[in-house]
Amino acid sequence: MIAGPTREAGDPAVPDGPIDPGAVRVGVGGPSRLEGDPAITLSPAPDPATRLPQDGAASPALPLVDGVATAVSLERFGDVRARLTEPAADGSAGRVVRTDVLFGPIRIDRARGTRLREVVVDGWRIDVELESERRAILRERARRGAGTASLGGPVEIRAIIPGRVVAVSVAVGDSVEAGQQVLVVEAMKMQNELRAPREGSVERIGVAVGDTIEVGDLLIVIH
Amino acid sequence: MTPPFSRILVANRGEIALRIIRAAHELGMQAVAVYSDADATAAHVRAADAAVRLGPAAPADSYLRIDAVVAAALESGAEAVHPGYGFLSERAAFAQAVADAGLVFVGPSPTAIAALGDKLAARRTARAVGVPHVPGTLEPAPVDRPDQLEGVLAAAEAVGFPLLVKAAAGGGGRGMRRVVAADELPAALIAGSREAAAAFGDGSVYLEREIMPARHIEVQLLGDATGQVIALGERDCSTQRRHQKLIEEAPAPGLSEIERRRLHAMAVRLGVAAGLQNAATVEFLYDRDGNFWFLEVNTRLQVEHPVTELVAGLDIVAEQFRLAGGAPLSQGALAAAERAARPTSHAIEVRISAEDPARVFAPAPGRITRWAMPAGPGVRVDTAVEVGDRIPAEYDPLICKLIVHAADRPAALRRLRRALDETEIGGIQTTLPFHRAMLGEPGFRDASGLSTTWVDAHWDGPASRARAVRVAALAAGLAELGETAAGGPGGTPPRTGQDDARHASGPPSRDGSVPAWRAAGRALAADRWPR
């Protein structure tokens with residue numbers, strides 16, 4: 001429960017046609033990610049006339065969300081505060097929902113070469129992962145062609161909360177099954193059992209009993 | 001007015017330590033803080049006049065070390081010790097150690113703590129003075145004793161199923177087991193007793209009828225050395241999850257003046273019988289038929305004391321210091337007790353914790369990057385956390401109490417909504433989205449849904465988060481489109497961190513060529529800042 005697996009999101013279908021060079025793949029990364037978090041592709045509106053969000057003025061264009069023109073727009077009030085406007089969910093004409101969001105600074109996820117940005121909506125802290133659509137597709141194609149023996153290469157399990165390792169249940173070289181307990185970490189008065197996300201064998205163990213771990217620390221690699 | 005002491009020590013950390021230090025300073029007393037290595041630069045340490053290190057971060061090595069805390073008080077010249085809540089606040093041995101060292105313990109006497117901390121003794125005292133306790137047994141149940149099984153089963157039948165096996169030595173749901181039928185009872189007794197022994201060092205358990213649905217209503221008491229005990233008012237703390245309170249309010253909605261008088265009188269009667277001094281809280285369950293059932297007494301200051309302070313117009317921590325100094329109940333306190341059955345305002349507190357409401361409230365420690373708290377009329381924020389603080393994993397995840405005060409409950413709800421809208425927290429996940437969602441729930445807004453089982457029935461963390469994920473993705477994506485467009489299509493790499501909107505000078509054209517005005521701008525820039 002405490003570790004984030006490598007991102008193996010439910011990926012949108014890889015298109016065969018040309019990819020809009022301005023399109024952006026937006027998903028959830030970092031420690032806030034939950035299993036099943038979706039990714040979307042955002043493209044600038046085909047009409048270039050008015051496309052850039054300016055301070056205090058809503059962008060009047062219709063960007064494409066997963067290929068569909070959607071009446072969403074963003075107003076920015078400086079670096080941190082912004083307001084998203086989208087059509088009301090009930091589809092009634094002319095009704096919109098405005099939601100205030102807070103932007104954090106952009107960081108680079110060095111392992112994946114993507115950009116991460118914390119966005120706070122309604123008190124929910126989401127690490128949004130941003131990447132050009134073209135690059136995201138290349139990455140997916142490379143992984144798919146990567147071979148048949150292992151499911152997508154080694155899985156790196158990293159800590160998503162800090163704590164202390166109280167038990168290591170496997171050794172390098174051990175075969176593990178999906179769901180098998182591999183580590184126990186104590187954090188905030190609770191014992192958290194870490195389980196293998198899929199079957200494989202333990203390639204590397206990055207911690208020992210007694211170690212204090214921080215968010216992002218590499219715990220176990222399974223291939 | 002002479003301060004009751006010249007120097008006191010706060011045996012706690014975080015928001016309550018800061019709260020106590022503030023009260024001490026306002027009374028003209030100096031305050032000494034104690035800290036673990038994790039809290040060396042914490043707000044409560046900086047607010048104090050002196051500070052003493054206790055040890056490493058783990059509570060057992062620091063805040064729970066009776067010897068170290070008493071030594072800190074003696075070496076720093078403190079005359080009194082305030083225990084706050086949690087940690088050592090309800091350990092009779094600590095109160096005794098403080099007294100033995102010639103210092104004053106700011107709280108009830110060690111005997112009262114011991115007598116009321118044992119829930120069975122408290123229930124027997126309640127029965128003796130005619131305060132109805134939650135129906136159940138009054139003696140520890142025999143555990144793993146097949147020879148006494150018949151007696152236990154008979155007692156259980158008298159209580160009625162479903163019933164709860166509960167720990168006599170502590171609360172918070174630990175040692176508790178729900179029993180639906182007689183054949184489950186022996187195993188439940190063993191399991192509950194084992195958990196209670198691990199949590200409290202005492203495996204005594206007893207049987208209690210399950211009252212469901214019920215509201216959790218508690219009464220704030222103050223007592224002085226003359227034996228006088230008064231009730232300042234009651235609080236409703238029904239919005240809980242796994243026996244942890246999330247939202248509290250004062251007064252309890254929907255009670256009549258007669259019901260309040262009856263409730264307060266029962267609590268006072270119990271307090272007098274137990275010889276209660278200083279501050280304590282008597283907890284009751286209030287069932288659908290309008291009956292109050294005594295649950296237990298907490299012989300300490302409670303987390304949610306601010307809602308009573310605001311409605312009663314009193315500083316309870318200041319009153320605690322005065323009472324500990326030997327003064328009788330103050331005029332202000334007596335007047336507040338007179339008014340308690342007819343409250344003329346309403347206060348609501350929400351507990352903001354570093355927990356993830358989409359991961360079954362699992363702890364979510366981390367470092368705070370943004371911390372903007374609400375303000376304006378009727379808003380009070382009790383916190384010791386600041387931007388840049390790292391939330392330590394060793395302690396309770398409660399980091400902030402947001403309290404609002406208004407003329408009545410509807411006004412308080414509107415004020416709370418405003419305050420929550422103004423609250424901005426970045427860098428860690430907190431329970432803030434939970435509180436925002438609860439305010440929208442009709443059952444909470446009209447108080448019809450108040451019950452201790454309500455949260456589990458009404459809160460869907462993942463669903464609430466899913467909507468936020470979509471908005472976050474759209475917002476970040478649109479911002480990214482704006483930034484990459486400003487940098488040029490596929491050309492200049494996007495700038496990090498800065499909002500480019502101010503510098504954006506126009507859209508690139510569809511075929512990728514750069515319009516003349518943009519090229520001119522870049523050329524101009526190159527001239528000014530040649531690389």
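In strand β10 of chain B, the bridge partner of Val219(B) is Glu234(B). Helices (H or I, at least four residues) and strands (E, at least two) are DSSP runs numbered from the N terminus. The model is predicted: local features need pLDDT of at least 70 and side-chain atom pairs pLDDT 80 or more, while totals for chains, interfaces and linings use all residues. Residues are numbered from 1 along each chain as its sequence is written, and chains are lettered from A and ligands numbered from 1 in the order in which they are written.

Strands count as paired if DSSP finds at least two bridges between them. Both strands sit in an open sheet of 8 strands in chain B, with antiparallel pairing and the order β13-β12-β9-β10-β11-β14-β19-β18. At its edges are β13 (292-298) and β18 (379-383) of chain B, each of which pairs on one side only.

Chain B as a whole has 18 helices and 20 strands. Its C-alpha trace spans about 95 × 60 × 45 Å along the principal axes. Of its 531 residues, 51% are buried, meaning that 20 or more other C-beta atoms, placed from the backbone, lie within 10 Å of the residue's own; exposed residues have 12 or fewer, and partly exposed ones fall in between. Two residues are in contact if their C-beta atoms lie within 7 Å. Among the contacts in chain B with a separation of 6 or more, 63% involve residues 24 or more positions apart.

Where do the buried residues of one helix, α3 of chain B, point? Helix α3 (residues 66-76) of chain B has Val69(B), Val70(B), Ala72(B), Ala73(B) and Ser76(B) buried. Seen down the axis of α3(B), these residues fall within an arc of 155°, so they line one face of the helix; the arc is that of the directions from the helix axis to the C-beta atoms. Asp67(B) and Glu75(B) are exposed on the face of α3(B) turned away from the buried side. After α3(B) comes Gly77(B), with a positive phi near 75°.

The largest nonpolar core holds 130 residues, and those with the most contacts inside it are Leu9(B), Ala33(B), Val81(B), Leu221(B), Ile230(B) and Phe284(B). Such a core is a set of buried Ala, Val, Leu, Ile, Met, Phe, Trp, Tyr and Cys residues joined through C-beta atoms within 7 Å. Leaving aside residues up to four places away in sequence, Leu221(B) touches residues including Val229(B), Ile230(B), Val268(B), Leu276(B) and Val282(B). A second, separate core of 31 residues includes Val28(A) and Val119(A) as well as Ala475(B) and Ala476(B).

Chain A comes to 1 helix and 18 strands, and 36% of its 223 residues are buried. Of the contacts in chain A with a separation of 6 or more, 45% are between residues 24 or more positions apart. Strand β12 (residues 163-168) of chain A is joined by 2 bridges to β17 (residues 212-213) of chain A, running antiparallel, and Arg164(A) has Thr212(A) as its bridge partner there. β12(A) is also joined by 4 bridges to β14 (residues 181-187) of chain A, again antiparallel; in β14(A), Val185(A) is the bridge partner of Val165(A).
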